Amino acid sequence: MALWRIRATVDDRPGYLAVLTASLALRAVNILAVQVHTTEGGAVDDFLVDGPETMTEADLIAAVERGRGRDPWVARAEARGLADQPTRALALANRLVRDPEALGDVLRTLLGATSVTWRPAPAAQTATRLTDTMRLPDPAGGCYDIVRREPSFTPAEFARAQALVELAAGVSRRNGDQLALMLAGGAELVLRGASTDDLAELQAMVGRCSPEGGTPGLVGCPAEVVTARLRRILDQPRGLLLVAVDSSGTSERIVGAGRLVVEGVLAEVAVLVEDGWRRRGVGTALLRRLVAYAGRTGQSALVAHVAAGDLGMLRTLARLNRPGEVERDGDLMSVTVPLVDRPVDVAAPTPATMT
């Protein structure tokens, strides 16, 4: 038996796919896997099949056409094609998380492309898909030109390639945001973007923080509540979560975290530093990075909801030298930090600091 890949367009009508598969079965062709790509001209069915050794490309094309398949494309396949396609795509995404510079090879592998080339291009470049070519803007600048002689690119493949480009750009931005922070006394920390892999260390850091200097809605809560809220923070679709990491021991230890949540022209900010590292500049460094990020992404102001007794955080906000409105509601203070030299006429976000 021999492995083949077959692509054909089938009318998106009840029973038409069954006619095609029956035609293949009459030639002793066994379908091992199938993907369906929806297009403007009908459903493009992508088969991985096992056929008799004596079967030729012409035989398979004839069987597809007898089964009412249009525009058939047939090529010999390798055993690696037996891998489940969603699993294969996830494995490629995992490779990008570890090495975003491998994007070209990942796109070539995902699409079976003839070539993948990065080119400088204007920022306004838009994503395009032709029969044998894709152009994908790189969020970090430039664009990728992807060429495959056959079969034609489908909208589903176009979307998958765009998702991988965006993933690689996001990882690159996160890695590029790493900063070494030297503290008084010689201690050195690394400020970087957080990931879901940091959940356990974030839980441990919260547990080392005292309620007096903690963040409202997180410190002092039951463990299951802390875990759920940290998961939501790590999964936030808009904003940034930075961590301050001490690598001086046998393993990395998170000693502080800063969160920014974007809500229109305002962004809510919160900083949490464990007790043993407070008053050493960690909170200020985290806050300044978040302010810089908010400024780059076009926010007009930050709002911080701080426990009235948390003098350390209030002093940290004051060091930004951006005086703004301060409101008090019982034991909670809301501090607005302007990022532009004009009034911000919008309602502040509801207090939900680090939750």
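The dialogue below walks through several features of a predicted model and how each is read.

Trainee: What should I know about the model before reading its features, and how many helices and strands are there in the protein chain?

Mentor: This is a predicted model, in which local features need pLDDT of at least 70 and side-chain atom pairs count only at pLDDT 80 or more, while totals for chains, interfaces and linings use all residues. Residues are numbered from 1 along each chain as its sequence is written, and side-chain values use heavy atoms, with hydrogens and water left out. Helices (H or I, at least four residues) and strands (E, at least two) are DSSP runs numbered from the N terminus, and the protein chain has nine helices and 16 strands. Buried residues, meaning those under 20% relative accessible area, with exposed over 50% and partly exposed in between (1.4 Å probe, protein chains only), make up 44% of the 355 residues in the protein chain.

Trainee: How do I read a sheet, and what is the order of the open sheet of eight strands?

Mentor: Two strands pair if DSSP finds at least two bridges between them. Here the open sheet has the order β9-β10-β11-β12-β13-β14-β16-β15, with mixed pairing. Its edge strands, each of which pairs on one side only, are β9 (179-182) and β15 (326-329). Axes are lines fitted to C-alpha atoms, for helices over the stretch in contact, and angles run from 0 to 180 degrees between N-to-C directions; with direction ignored, neighbouring strands of this sheet are turned by 20° against each other on average.

Trainee: Which helix packs on the sheet, and which strands does it touch?

Mentor: A contact means heavy atoms within 4.5 Å. Helix α6 (residues 199-207) packs on the sheet and touches β11, β12 and β13 (266-273), its direction making about 100° with that of β12.

Trainee: How are the faces of a strand read, and which residues lie on each side of β14?

Mentor: In a regular strand the side chains alternate between the two faces of the sheet. In β14, Ala301, Val303, His305 and Ala307 lie on one side and Leu302, Ala304 and Val306 on the other, and all are buried, which leaves both faces covered. Seven of the seven residues of β14 (residues 301-307) are buried, so the strand is largely enclosed by the rest of the structure. Strand β14 runs parallel to β13, with four bridges between them, and Ala267 has Leu302 as its bridge partner in β14. Towards strand β16 (residues 332-338) the run is antiparallel, with seven bridges, and Ala304 has Val335 as its bridge partner.

Trainee: How is a pocket found, and which residues are the closest to the centre of the largest pocket?

Mentor: On a 1 Å grid over the protein atoms alone, a pocket is an open set of points, where a 1.4 Å probe fits, with protein on both sides within 12 Å along at least five of seven lines, and lining residues have an atom within 4 Å of a point. Grid points are joined across faces, edges and corners, and the volume is the space filled by probe spheres set on the points. The largest pocket holds about 1,100 Å³ of space. Of its 40 lining residues, Arg5, Gln85, Arg88, Thr109 and Leu110 are the closest to the centre. The largest share of the lining, seven residues, comes from α3.

Trainee: What backbone values stand out, and where is the cis peptide bond?

Mentor: Most residues other than glycine have a negative phi, and most peptide bonds are trans. The peptide bond from Glu150 to Pro151 is cis, with omega near -5°, and Pro151 lies in the loop between β8 (143-147) and α5. Arg68, which is not a glycine, has a positive phi near 70°; this residue is found in the loop between α2 (57-66) and β4 and is partly exposed, with a relative accessible area of 47%. Asp71, likewise not a glycine, has a positive phi of about 50°, is placed in strand β4 and counts as exposed at 64% relative accessibility.
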